[in-house]
Amino acid sequence: MAIGRVVVAVVCALVLTAPSTAAAPAQEEHRPATMTMTYEANGLIGVVHAPRTLVGALPLVLTSDISARQLVRQGAVVVVVHDRSALPRHRELWRELSDGTGPLADRFAGFARHVVVAEP
């Protein structure tokens with residue numbers, strides 16, 4: 001009888017500590033949550049794609065290319081504009097926001113400390 005208890009204990013221990021070999025559902029690729037917002041200021045329209053949680057200083061990318069999601073997943077704030085010739089004017093709006101001023105300051109105040117506006 002004692003041997004039977006030992007065998008049961010060993011089997012239970014093996015079952016409880018063995019790695020699972022059952023097919024596990026495929027885990028979804030880690031994708032940080034993102035947000036999309038639109039602004040219209042001084043006759044300019046931009047669509048902002050950004051990580052939902054802003055941590056640290058993030059690069060600002062101004063583009064007319066609508067495939068911005070990959071850059072956002074890498075931690076950038078992306079502003080998509082429809083008129084490439086207006087990129088310098090959009091850049092100036094975001095520089096003002098970095099100083100806590102300008103027409104974007106009310107709606108995008110949370111971005112002021114987190115966006116680094118690069119020089120062209």
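**View 1. Antiparallel pairing of β2 with β4 in the predicted model.** Strand β2 and strand β4 (residues 77-81) pair in the antiparallel sense, and 4 bridges connect them. Within this pairing, G46 stands opposite V81 of β4. Strand β2 spans residues 44-51, and because 7 of its 8 residues are buried, the strand is largely enclosed by the rest of the structure.

**View 2. The hairpin of β1 and β2.** Strands β1 and β2 also run antiparallel, joined by 8 bridges, and among the residues involved M37 has V48 in β2 as its bridge partner. The hairpin leaves 2 residues between the strands, and N42 adopts a positive phi near 55° there.

**View 3. The aromatic pair of Y39 and W94.** A search of the whole structure finds 5 aromatic pairs. In one of them, the ring centres of Y39 and W94 lie 6.1 Å apart with the planes at 65°, so the pair is classed as edge-to-face. Because Y39 belongs to strand β1 (residues 34-41) and W94 to helix α3 (residues 87-98), the contact ties together parts that are 55 residues apart in sequence. Y39 counts as buried at 4% relative accessibility, and W94 is likewise buried, with a relative accessible area of 0%.

**View 4. The aromatic pair of W94 and F111, and the cluster around it.** W94 also forms an edge-to-face pair with F111, at 5.9 Å centre to centre and with 75° between the planes. This pair links distant parts of the chain, since W94 sits in helix α3 and F111 in the loop between α3 and β5 (115-117), 17 residues apart. W94 and F111 are both buried, and together with Y39 and F108 they form one aromatic cluster.

How values were computed. Residues are numbered from 1 along each chain as its sequence is written. This is a predicted model: local features need pLDDT of at least 70, side-chain atom pairs count only at pLDDT 80 or more; totals for chains, interfaces and linings use all residues. Side-chain values use heavy atoms; hydrogens and water are left out. Rings of Phe, Tyr and Trp (its six-membered ring) pair if their centres lie within 6.5 Å; planes under 30 degrees apart count as stacked, over 60 as edge-to-face and the rest as tilted. Buried means under 20% relative accessible area, exposed over 50%, partly exposed in between (1.4 Å probe, protein chains only). Two strands pair if DSSP finds at least two bridges between them.
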